[in-house]
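Student: I would like to go through the assignments in this model one at a time, and to hear for each of them how the value leads to the label.

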Amino acid sequence: MIKPNTYYSNLKDSYLFSRISETSRAYLREHPDKRLYHIGIGDVSLPLCDAVIKALHEAVNDQASKETFHGYMPECGDPQLREAISEHYSKRGLTVSSDEVFVSSGAGDDLADVLDLFDQSNTVLVIEPAYPAYVDTNVMDGRKIIHFSADADNSFLPEPNPDIMAEI
């Protein structure tokens, strides 16, 4: 008999981004004269650039022809993309070979993979505010979570690095 993962029932009913969206909609209903700029996940201000659209069409066409069809990419990512990333870093004086570059499908999948390395009896420290997946993934695995608020009251505020901010 297959047993379900009962830890799923410990997830909060509301997803952070849904709450943000509802709060934004409520604000705009109450303040119809105001404009709100969305800068959350998935909120974009411009359409994809021509180079991206062209590459997407080429990729679709590759998958549509028997001669160019290749199925899944290698597990570490497309070799050309890994090489381009390596070259990007070399232009900034950093040596990163393409075989050191790993391209994944996203942080959520990688987080779950890393957590699978550790026993579920471990306690996890989550510094808040945190990306919701950091909490939810551990809840679904049944781990005990300690929430630590990063705020001025406990002198735990990140300091922006001017060098990094200049490149952004």
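Tutor: Let us start with what counts as a helix: here it is a DSSP run of H or I that spans at least four residues, with the runs numbered from the N terminus. Please keep in mind that this is a predicted model. Helix H1 covers residues 16-30, and both Arg-25 and Glu-22 lie in it, three residues apart, which is about one turn of the helix.

Student: What makes Arg-25 and Glu-22 a salt bridge?

Tutor: The closest N and O atoms of Arg-25 and Glu-22 are 2.9 Å apart, and the rule asks for a side-chain nitrogen of Lys or Arg within 4 Å of a carboxyl oxygen of Asp or Glu, so the pair qualifies. Glu-22 and Arg-25 are also joined with Arg-29 into one network, through salt bridges that share partners.

Student: How do you know that Glu-58 and Lys-54 form a salt bridge?

Tutor: Their N to O distance is 3.9 Å, which is within 4 Å, and therefore the pair is counted. Both residues belong to helix H2 (residues 50-64), where they are four residues apart, about one turn of the helix.

Student: Why are Asp-141 and Arg-143, which form a salt bridge, called buried?

Tutor: Asp-141 stands at 16% relative accessibility and Arg-143 at 7%; buried means under 20%, so both residues receive that label. The closest N and O atoms of this pair are 2.8 Å apart.

Student: Which residues make up the largest nonpolar core?

Tutor: That core consists of six residues, namely Val-124, Val-126, Ala-130, Val-135, Val-139 and Ile-145. Strand E1 (123-128) and helix H5 (132-140) each supply at least two residues of this core. Leaving aside neighbours within four places in sequence, the contacts of Val-126 include Tyr-134, Val-135 and Ile-145.

Conventions: Residues numbered from 1 in each chain as written. Predicted model: local features only at pLDDT ≥ 70, side-chain atom pairs only at ≥ 80, totals over all residues. Heavy atoms only, no water. Core = buried A, V, L, I, M, F, W, Y, C linked by side-chain atoms within 4.5 Å. Buried < 20%, exposed > 50% of the residue type's maximum accessible area, 1.4 Å probe, protein only. Contact = heavy atoms within 4.5 Å.
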